[in-house]
Amino acid sequence: MTVLIFCFCIVVLVVRKSNTFPLYFYTMILHATHTVLEPTPLLADQKKFYIESYGCQMNVNDSEIVASILKEQHFLHTQNYEDANLILLNTCSIREKAETTIRNRLKQFNALKKQHPDLLIGILGCMAERLKGTLLEQEKLVDLVVGPDAYKSLPQLIATATEHGKAINVLLSREETYSDVSPIRLNSNGVTAFVSIMRGCNNMCSFCVVPFTRGRERSRPLASILKECADLVQEGYREITLLGQNVDSYFDADTKTNFAQLLHQVALINPLLRLRFSTSHPKDITEEVLYVMQQHDNICKYIHLPVQSGSSRILDMMNRTYDREWYIAKVNTIKKIMSNCALSTDMIIGFCSETDEDFDASMSIMEYCKYDLAYMYAYSERPGTLAARQYADDVPEPIKQERLQKIIALHRQHSLERMQEQVGKTFSVLIEGDSKKNQDEWQGRNEHNKVIVFPKSHYQLQKGDYAMVQVHACTSGTLIGTIATNP
Ligand code: SAM
Ligand code: SF4
Ligand code: F3S
């Protein structure tokens, strides 16, 4: 048996060093090792943590960083909060509603303290910075408050909170904080992963709380990004989304690498690795980035390009630094360089002083761009932001909601049109797992980020494989296809 285990370990090491091994073989070997190796026995006093993430993808990735830091302290991750000694909420402050949801959740968790007086409850992320005093001192809803740049101090903070009942660190950093931490992929499908390339934001859009909660922009060193991406490929991951509030302003000063050059280098790691990135501020995405996207088949032809409003007057008040015409010209450039590039956007409805004409301008820019995907929000005033200090939040709530419903309905038409345009076409689909509705079907996405389901049929495919799929029908959210026999 010992010899057998030894041989297996050698094979696994060889396979992990090789990029060229077919994925199905790699998966098979990993599966085999799971059955041979004994699980590590649980220590009787081993503590467990439970974590929930709210807000953007960066928070999801930050929770994975937190999991890695806690694992070093021998904490086990649990999916069941009733089992946990430590409950963490990685929070978002972007709109008032997000904060209300988290407050309610904290109250629910606090009720558990009656049965588990030793339970520690902590908040991480953007609310930590904004509401540290209120949540810790006044409402006494949490024992721990840890800001987005302070996760490395979690072990000390946990010790302090255990001893003294509370602990806090919300210091923001001017340097990239976590480049040496290997995130532990929580709830991962084993195929797609997030990699943060920068933190913070210097843009000061007048409505936005992020520059206050996340601090100044800083880029992660090139070498640590390339290493994390290469490691993910070795582990079998096939799609990476590079994350930052403003990815196009990435700049590694030591190697003088900008975002276009970073994209190029990550794309070269392995042709089987697919790349996405988010978010691009329209003012920062350069033609160099667009040409790098065009040049590499493994960079998905999909750009999230938040417009926020179609009215130049409102864009000026939002401090977005572009106007309607400039944004439209950027969209035209994208389509000229990559005619097949999918576009998505964010739109804020009911910003301070928005008139019917301003709103019509937002409707008409949606009409012009016919986005594949759009996230639309009613403006929510955030204390301390430039807009909260300078302008009145004067569009009545019922009007905000009425306009929001109108623009959502318009976008639904566009996204359905965009889906219908795909019928009859064939796409390379990265399989992410079983379809949610039918175990006999695979689910994956094409390079335009559209979900595609198709029957497993008799083909020997696995999660993480690519398949050529011909689309023959669609709903508003899903393309339905079959494996193309003649791709
Ligand atoms: N960095 C991205 C960019 O430049 O567009 C945006 C990141 S922000 C986390 C995500 C979206 O939330 C924004 O694009 C905006 O549409 C929305 N948002 C931000 N602040 C908001 C507010 N005060 N009220 C409503 N929506 C808001
Ligand atoms: Fe907020 Fe603007 Fe920065 Fe995006 S670019 S995070 S909207 S300040
Ligand atoms: Fe929310 Fe902070 Fe992200 S405010 S959207 S979690 S950067």
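Ligand 2 sits among C201, N203, M204, C205, F207, C208, V210, P211, Q245, H281 and R320, where near means having a heavy atom within 4 Å. This is a predicted model, in which local features need pLDDT of at least 70 and side-chain atom pairs count only at pLDDT 80 or more, while totals for chains, interfaces and linings use all residues. Residues are numbered from 1 along each chain as its sequence is written, chains are lettered from A and ligands numbered from 1 in the order written, and side-chain values use heavy atoms, leaving out hydrogens and water.

**Ligand shells**
- The shell around ligand 2 splits into 7 nonpolar, 3 polar and 1 charged residues (Ala, Val, Leu, Ile, Met, Phe, Trp, Tyr, Cys and Pro count as nonpolar, Asp, Glu, Lys and Arg as charged, the others, Gly among them, as polar).
- Around ligand 3 are C56, N59, T91, C92, S93, I94, C126, V210, R214 and Q245.
- That shell of ligand 3 holds 5 nonpolar, 4 polar and 1 charged residues.

**Cavities**
- There are 2 cavities of 30 Å³ or more (sets of points on a 1 Å grid over the protein atoms alone where a 1.4 Å probe fits but cannot get out; lining residues have an atom within 4 Å of a point).
- The second largest cavity has a volume of about 60 Å³, the space filled by probe spheres set on the points, which are joined across faces, edges and corners.
- Its lining has 4 nonpolar, 3 polar and 4 charged residues, including E176, R199, R220 and E228.

How values were computed:
1 Å grid on protein atoms, 1.4 Å probe; cavity = no way out; pocket = protein on both sides within 12 Å on 5 of 7 lines; lining within 4 Å.
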